[in-house]
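Morning, everyone. Please have the sequence and the model open on your screens.

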Amino acid sequence: MISKVLIANRGEIALRVLRACKELGIATVAVHSTADADAMHVRLADESVCIGPPPSRDSYLNIHQIVAACEITGADAVHPGYGFLSENAKFADILEAHGITFIGPTAEHIRLMGDKITAKQTAMELGIPVVPGSDGEVTAENVLETGRKIGFPVLIKATAGGGGRGMKVAKTEDDLMEAFDTARSEASAAFGNAAVYMEKYLEKPRHIEIQVVGDGEGNAIHLGERDCSLQRRHQKVWEEANSPALNVEQRMKIGQICADAMKKMKYRGAGTVEFLYENGEFYFIEMNTRLQVEHPITEAITGIDLVHEQIRVASGGGLSVTQEDIVFSGHAIECRINAEDPRTFTPSPGTITHFHAPGGLGVRVDSGAYAGYKIPPYYDSLIGKLIVHGRTRVECMMRLRRVLDEFVVDGIKTTLPLFQDLVSNQDIANGDYDIHWLEKYLAAKTD
Ligand code: ADP
């Protein structure tokens, strides 16, 4: 059994994990940098430890300090949240060596999915459909031949990629060498690893991902999909469940493929299998071996608390539900509220002078923000997530419109006005959008 969890994260996700621990009667330890001493997750935790100065590499990414904080407080488990150390296999190994439970998958599975070429090969072996592409790495010698074989346009991607970096499109053969060289140098600069591979470039796909949870013993379930096609610079902005593009049959089919793959792997914990979806076909792009920012929309339509499940399986207690217990109910949308200028997307740190979160049936706000809170400039600009649930997509959209009008965040700029625009847009109302829709929409607005 787990009795005390150290939460190795900050912001809304630290608060999210803390809430789950409290509901399970588990004691909590918050860690924080000097910049986050007044953060809500620190105030609400049973204990807190300052682990260093503001830069992440000296605090939230400092494994030694986090392990020391576990030893000082007697925490017997660590929840990594998302980002920071959540997909760091070495961190999982070190915790295990110290007898501390990592609330997440095995280090081996984190490694397997962290390298995109291995992840793709593993997915193929597990029966998951993948994007047509190169067999492993492409080099100066085989790049042209591989491109011709796959057929243009193609995408060159970094093996160690993340956050949309080290990715270049070659529309025709003439663009190929330049795309190859640029992707390699970007990959080398961003990840210290210049290795790249090649995929067919899909022109108008949707981004659809499947939530899975496994117990590490060969039982696994899926919790349906999330549609995260509304992206800016490969960053998700608005997510919904279910996808407006799928029917029940398609959902259950791809969901079952992913759950079966997780059973074969004996996957432990929560994970997300990400796909591009075009013309009725799914193409695997990667698997994230952690909780996702957008997990609450899945919780809204299934009633399953994913952090409860993560903690249960980490402590050997198994899943609380079987696939047959999962009922998908209604529709949910999440808006990521960033402290950014809604037109230029430049960060807008500072002090929040007024904060009023909306409420009512079907409304969830995950945020550590409050009036008087000073947003530090050192971390990402997500200050909260608004999650709205309705019995139908139409009800959900109407509710979202009402709720956006109620939300007050003063003193800083936020992306709330962007969502007010989107909720009134006809394409969005029709669910008619792909991964390029938002970029085109924003470009047209500034013209
Ligand atoms: P990262 O790990 O850097 O986020 P992903 O492989 O998850 O990289 O891809 C990020 C985004 O890039 C996808 O959501 C999609 O918008 C785009 N993308 C990735 N692969 C392809 C592809 N083969 N064709 C078209 N777009 C792609």
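Let's start with D366. At 4% relative accessibility, D366 counts as buried. Here buried means under 20% relative accessible area, exposed means over 50%, and partly exposed lies in between, using a 1.4 Å probe and protein chains only.

Two quick notes on method. This is a predicted model, where local features need pLDDT of at least 70, side-chain atom pairs count only at pLDDT 80 or more, and totals for chains, interfaces and linings use all residues. Residues are numbered from 1 along each chain as its sequence is written, and side-chain values use heavy atoms, with hydrogens and water left out.

Back to D366. Which residue forms a salt bridge with D366? R364 does, with the closest N and O atoms 2.9 Å apart. A salt bridge here is a side-chain nitrogen of Lys or Arg within 4 Å of a carboxyl oxygen of Asp or Glu.

How many salt bridges does the structure hold? The count is 31. Take the one between E186 and K168, at 3.0 Å from N to O. That pair links distant parts of the chain: E186 sits in helix α8 (residues 176–191), K168 in strand β7 (residues 167–170), and they are 18 residues apart. A word on those labels: helices (H or I, at least four residues) and strands (E, at least two) are DSSP runs, numbered from the N terminus. E186 is partly exposed, with a relative accessible area of 29%. K168 is partly exposed too, at 25%.

Now compare R251 and E225. Their side chains meet in a salt bridge at 2.7 Å, N to O. Again, distant parts of the chain are linked: R251 belongs to helix α9 (residues 248–265), E225 to strand β10 (residues 220–232), 26 residues apart. Are these two buried or exposed? R251 is buried, at 6%. E225 is buried as well, at 0%.

Next, the ligand. How many residues surround the ligand? There are 20, and the closest are K116, G164, K200, L202 and E286. To be counted as near, a residue needs a heavy atom within 4 Å. The shell divides into 8 nonpolar, 6 polar and 6 charged residues.

E199 has a side-chain N or O atom 3.0 Å from a ligand nitrogen. H207 places a polar side-chain atom 3.1 Å from a ligand oxygen. On its own the ligand exposes 550 Å², and the protein buries 95% of that. Those areas come from the Shrake-Rupley method with a 1.4 Å probe; for residues, only the protein chains shown count as cover. Which elements give two or more residues to the shell? They are β6 (154–158), β8 (196–200), β12 (268–278) and β13 (281–288).

Keep H234 on screen, please. H234 is in the loop between β10 and β11. Phi of H234 is near 65 degrees, a positive value in a residue other than glycine. H234 counts as partly exposed, at 47% relative accessibility. R233 lies in the loop between β10 and β11 as well. Phi of R233 is also positive, near 50 degrees. R233 is exposed, at 57%.

Now for cis peptide bonds. One runs from F152 to P153, with omega near 0 degrees. P153 is in the loop between α7 (143–150) and β6. Another cis bond joins A241 and N242, with omega about 0 degrees. N242 is in the loop between β11 (235–241) and α9.

Last stop: N88. Where does N88 lie? It is in the loop between β4 (77–79) and α4 (89–97). N88 is partly exposed, at 26%. Leaving aside neighbours within four places in sequence, N88 is in contact (heavy atoms within 4.5 Å) with I63 and I110. N88 and G114 are 26 residues apart in sequence, and 8.7 Å apart in space, C-alpha to C-alpha.

Methods. Polar contact = N/O pair within 3.5 Å; in protein donor to acceptor, adjacent residues only side chain to side chain. Nonpolar A, V, L, I, M, F, W, Y, C, P; charged D, E, K, R; others polar.
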